[in-house]
Amino acid sequence: MSDLVQLTKQNDIAVITINNPPVNALSPGVPEGISEALDQIEKDDAVKAAVLIGGGRTFVAGADIKEFGKMTAGKKRGAGLLPLLLKIEDSTKPIIVAIHGTAFGCGLELAMAGHYRVALASAQVGQPEVKLGIIPGAAGTQRLPRLAGVAKAVEMCTTGNPVKAEEALKFGIIDKIIDGDLLTGVVAFAREVAGKVAPKTRERNGKLGNTAENAAVFAGARENAATKQRGLRAPLAAIDAIEAATTMPFAEGCQLEQKLFIECLFSDQSKSLIHVFFSEREVSNIPDVPKDTPLIPIKSAAVIGAGTMGGGIAMVLANAGIPVLLKEADQAALDRGLATIQSNYANSVKRGRFTAQVAEERLKLIKPTLTYEGFANVDLVIEAAFEGMALKKEIFKDLDRVCKPTAILASNTSTLSIDEIASATKRAESVIGMHFFSPANVMRLLEIVRGKATSKEVIATFMALSKTLGKVGVLVGNCRGFVGNRMFGPYRREAQFLVEEGAGIAAVDKALTDFGMAMGPLATGDLAGLDVGWRIRKEYRHLEKPGIRQPFAEDKLCELGRYGQKSGAGWYKYDASRRAAPDPAVDQLIRDWVAEAGIPQRQISAEEIADRCLYALVNEGARILEEGYALRASDIDIIYINGYGFPSYRGGPMWYADTVGLKQVYERVMEFQRQHGEIWEPAPLLKRLAEQGRTFADVGKEEGAAA
Ligand code: 3H9
């Protein structure tokens, strides 16, 4: 038998154990091993029932995702898992599946083929395939509605969200929760059911509902998917497959599921989402910071500034159970900050995210203060004061004086140099950038900015801390705007240029939302506040190269007090509930301004709008990669997906460029250079890769880049 599967016996109960670390994925060898074990069990008269269990930290977390790439590359085409699952279900002896950790994807599909399922209370089950752009491909869409009902199956297969053991029990996905040792519990359960007629999931049609009820469920789910998962194919395919479970015999439903599964698997969406899955794990690989680098314990923290960012960061720390001092300069600002935190927590309770008691416990961890008292004891300080170098240096000088020598000092700057901030201290090795995205308690991205002197221990600690805080931490180098905002500059510059050249405001935003961006670039400006960029541009105006075209519309809007949502008007006008509407007054203003500036007006296609904005991102991303401010193209992708609303099913800007083909992207950039001049000069790396027929994903494999 394969090394990945072991067969043992506890008297009359056989125990099949899957051992394929780290997550017991059903890699080649595992299904074969289970099948062989079943053959032996069938032949062994002494065995009355069998248990299927996972060794190590989890039951089966799904198919081996690495194998999908081999399948789509045409290197592999297996028989699939369906025959094995039928073999389990048709076993003459009851098979009881014991779940701990996660039974995800074909882990749950495997479990559902068993006659009974038991689980530890801490276990979770789910069909997360949709997050990889696919649907369950081993009869999950056919067996799950038979166990859990149609509505629950639709919810699980379209959202991909896991279900805890208690809920799984309530919905009939599992039969029992085991307290104490799982193996002992499942063997006892197996003895109870041994010799009885075992239920086959595929023959249980009682929960498949009636046509009228189901029609409402499917229509609602399709509408939901079209709005909440706009552009994604897999949720709709999952609904089609579950619908088949309600209208077709099991075997035919399985055939339709297979067809849809393969269609999704071979799609660009799935390839992109699988790229995102592995890239999100790759970010924690820092070549010069080994995995065993000692971590600095972070048991307490302080945040400076109780504004939107500071308050959000204090909540992030409190949510992770870390006590935090929250310092402001005056009582009124501190009170305002605390009131916002309280109302955020109250909203979460209202929405059912957690209980009032949990909110209270978290709130208790945040201690407001107007002084540095207590700062000598904290392990970490995050400065989230107003974005200005002089002020930040002043604060860091104070922190260097009041904090203990081992404390880490972090700045939540979005543009300023970490090295210059660190120069205000005598401990540059303990200074690091921690760029949260607004709202800090919601957005997953954290850019971790490495200064010249930042120590490896501090970097390793922050990579680990980002996970504790529930964030995706990406290490970036110290350049202006770091990775995300540095790329966002050219992207939003092009959006403005397009309007100044004659494109409609809504047309620019629509071209990008049609591409899949969560929001258009101009609406995003209104949301973030147009004045933020305006102030930064004023501070850096002296660095602008003379003779280079600069967009002017946003600056002029700010001069008129149109800062965006917060002032009720920006590119759009907003009502009291911040709903946007086109504003003919802005259209007129733009017409006047461009006439005055003598900019020729023309019709601009949605394709040109999307290309100019997206390739501006890609060209700047290529420079960042070559200059070493990002470790990998995929790190840039993760930043854009988690911080800037880039559609994950496009894989991020660099992956997207790879899928278009760098030769084509390069030629388009050259065309823009001919039309618009120097600002469109192709990045040398883009040019080189295009000429060599290579991709951004290849970079780093041969020619290293280091943040
Ligand atoms: C499926 O099942 C399709 C079927 O319906 C049909 C088939 C015909 N494969 O996340 P972690 C690796 S689709 C390969 O850091 P955690 C991961 O890359 C699948 N590798 O740990 C990492 O490697 P490294 C449906 C996998 O504790 C290491 O394991 N299932 C797989 O934070 C540890 O992972 C899913 O989509 C895999 N399936 O979280 C589940 N899973 O150390 C995907 C993990 O080299 N997995 N790895 O970077 C997860 O959601 C999480 O990994 C899990 C553990 C919750 C299980």
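I started with the ligand and found 24 residues around it, the closest being Arg57, Ala63, Glu109, Glu129 and Arg281; a residue is near if one of its heavy atoms lies within 4 Å. This is a predicted model, so I note that local features need pLDDT of at least 70 and side-chain atom pairs pLDDT 80 or more, while totals for chains, interfaces and linings use all residues. Residues are numbered from 1 along each chain as its sequence is written, and side-chain values use heavy atoms, with hydrogens and water left out.

Next, polar contacts (pairs of N or O atoms within 3.5 Å). A polar side-chain atom of Glu109 lies 2.7 Å from a ligand oxygen. For Cys106, a backbone N or O atom is 2.9 Å from an oxygen of the ligand. Ala61 puts a backbone N or O atom 2.8 Å from a ligand nitrogen. Alone, the ligand exposes 1,000 Å², and the protein buries 70% of that (Shrake-Rupley method, 1.4 Å probe).

What classes make up the shell around the ligand? I read off 14 nonpolar, four polar and six charged residues, with Gly counted as polar and Cys as nonpolar.

Then the domains: the assignment, automatic or from a database, gives domain 1 (5-266), domain 2 (301-476) and domain 3 (484-703). I looked at how domain 2 meets domain 3: 13 residues of domain 2 contact 11 of domain 3 (heavy atoms within 4.5 Å). About 1,100 Å² is buried between them, 62% of it from carbon and sulfur atoms; that is accessible area (1.4 Å probe) lost on being put together, summed over both parts. In domain 2, Thr415, Leu445 and Val474 lose the most area to domain 3, together 32% of what that side buries.

How values were computed. Polar contact = N/O pair within 3.5 Å; in protein donor to acceptor, adjacent residues only side chain to side chain. Buried area = accessible area lost by both parts, 1.4 Å probe.
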